[in-house]
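Please find below some remarks on the structure under review.

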Amino acid sequence: MARNKIALVGAGNIGGTLAMLAGLKELGDVVLFDIAEGTPQGKALDIAEASPVEGFDARMVGSNDYAAIKDADVVIVTAGVARKPGMSRDDLIGINTKVMKSVGEGIKNNCPNAFVICITNPLDVMVGVLQRAAGLPTNKVVGMAGVLDSARFRYFLAEEFNVSVEDVTAFVLGGHGDTMVPLVRYSAVAGIPVPDLIEMGWSTQDKIDQIVQRTRDGGAEIVGLLKTGSAFYAPASSAIEMADSYLKDKRKLLPCAAYVDGAYGLDGLYVGVPVIIGENGVEKVVEIKLNDDEQAMLDHSVKAVQDLNDVVAKMEAEGA
Ligand code: A3D
């Protein structure tokens with residue numbers, strides 16, 4: 001049986017980490033693509049040389065030619081620029097919109113049956129640009145942000161409660177930005193909801209509020225520390241979880257930037273919602289019940305995404 005083929009478009013910090021993780025987990029053969037000459041080839045060879053030590057069998061290929069991603073089963077896109085201190089994700093919109101259009105074209109011409117995961121920021125807007133440029137159905141193009149934001153939330157909660165990270169489940173919805181919506185009510189330790197844990201004296205509302213804010217600022221916290229780029233280990237792990245759910249038809253329920261048309265009262269846009277990922281890509285958008293406060297926060301977040309979509313539409317109308 002042929003191995004799966006995983007194409008990584010963008011061989012920078014996240015792309016390289018994705019390749020290493022895909023190898024370690026034996027998800028399939030890996031192709032790294034980048035416009036920077038030598039970078040994808042160098043990273044592919046370096047990781048291939050780790051394979052005898054780590055004990056994984058996976059072909060690692062680097063290329064500057066889109067033909068190399070031909071017939072890929074999964075494409076994970078990180079091409080573009082990342083933010084530096086002082087920049088918001090939204091500052092990247094002009095350059096990364098152009099990059100998404102060229103990447104979409106490459107996917108359309110070489111692997112139109114792939115499941116595509118976008119990571120490039122500003123995420124919710126870029127995944128829409130990529131889907132339109134690739135011409136793939138919306139269930140086959142999805143953005144990674146919610147798994148990462150939820151992982152940060154879970155990590156901070158596990159630290160606060162002094163329990164295993166494995167016991168903590170949490171949800172972050174909405175756009176991947178300052179308006180994201182960490183849902184305390186749907187977050188739990190081994191099934192015990194966080195509000196109950198507060199009542200049980202395990203934490204205070206004040207501390208949980210601080211954790212919610214730290215989650216919202218999670219990307220900026222890393223950018224501030226690294227100074228030369230943004231987070232890459234946890235973003236790569238998060239996208240690999242999504243790819244794994246697709247390739248193995250695991251039907252995991254994961255918060256992702258998916259195309260929502262109808263659910264949550266939304267009218268056809270990409271934004272972070274819980275979805276089931278299985279062999280058909282996004283198999284279902286899960287509409288959870290929100291209280292008035294949560295709905296107001298989601299509406300605010302959707303508005304921020306819509307505003308950026310309008311910026312892209314204006315750029316496109318002006319022929320940019
Ligand atoms: P970086 O290490 O700079 O890698 C980006 C790579 O893209 C570089 O190797 C570039 O050469 C390459 N590239 C640029 N233009 C093109 C093109 N037209 N075609 C192919 N490759 C190209 O960045 P990174 O890996 O740290 O981050 C990649 C993206 O992910 C950025 O836009 C980040 O903002 C974004 N990001 C998103 C999240 C989310 O949670 C959504 C988290 C962290 C980073």
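Predicted model: local features only at pLDDT ≥ 70, side-chain atom pairs only at ≥ 80, totals over all residues.

1. The shell around the ligand holds 35 residues, of which G12, N13, I14, A79 and N121 come nearest. Two elements, helix 1 (13–24) and helix 3 (93–110), each give two or more residues to this shell. Helix 3 provides the largest share, 4 residues. In terms of residue class, the shell around the ligand comprises 19 nonpolar, 14 polar and 2 charged residues.

2. Which residue does UniProt list under "active site"? The unreviewed entry lists H176 for that feature. In the model, H176 belongs to the loop that runs between strand 7 (168–173) and strand 8 (181–189).

3. Is H176 buried or exposed? H176 has 28 other C-beta atoms within 10 Å, and it is therefore buried, the cut-off being 20 or more. When neighbours within four places in sequence are left aside, the residues in contact with H176 are L123, D124, A145, D149, A257 and G272.

4. The domain assignment of the protein chain gives domain 1 (5–143) and domain 2 (146–310). Taken over C-alpha atoms, the centres of domain 1 and domain 2 are separated by 22 Å. To the contact between them, domain 1 contributes 33 residues and domain 2 contributes 35 residues.

5. On the side of domain 1 that touches domain 2, at least two residues each are supplied by helix 1, strand 4 (74–77), strand 5 (115–118), helix 4 (123–134) and strand 6 (141–143). The largest share of that side, 6 residues, is from helix 1; helix 1 is also one of the elements that give two or more residues to the shell around the ligand. The side of domain 1 that touches domain 2 consists of 19 nonpolar, 6 polar and 8 charged residues.

6. As to the protein chain overall, there are 10 helices and 12 strands. The C-alpha trace spans about 55 × 50 × 40 Å along its principal axes. The radius of gyration of the protein chain is 19 Å, which agrees with the value near 20 Å that a compact globule of 320 residues would have.

7. Of the 320 residues of the protein chain, 48% count as buried. Among contacts in the protein chain with a separation of 6 or more, 68% are accounted for by residues 24 or more positions apart.

Methods
Residues numbered from 1 in each chain as written. Near = placed C-beta within 6 Å. Nonpolar A, V, L, I, M, F, W, Y, C, P; charged D, E, K, R; others polar. UniProt positions renumbered as here; feature names shortened; annotations may be inferred. Buried ≥ 20, exposed ≤ 12 C-beta atoms within 10 Å, placed from the backbone. Contact = placed C-beta atoms within 7 Å. Domains from an automatic or database assignment. Rg over C-alpha atoms; globule rule 2.2 N^0.38 Å.
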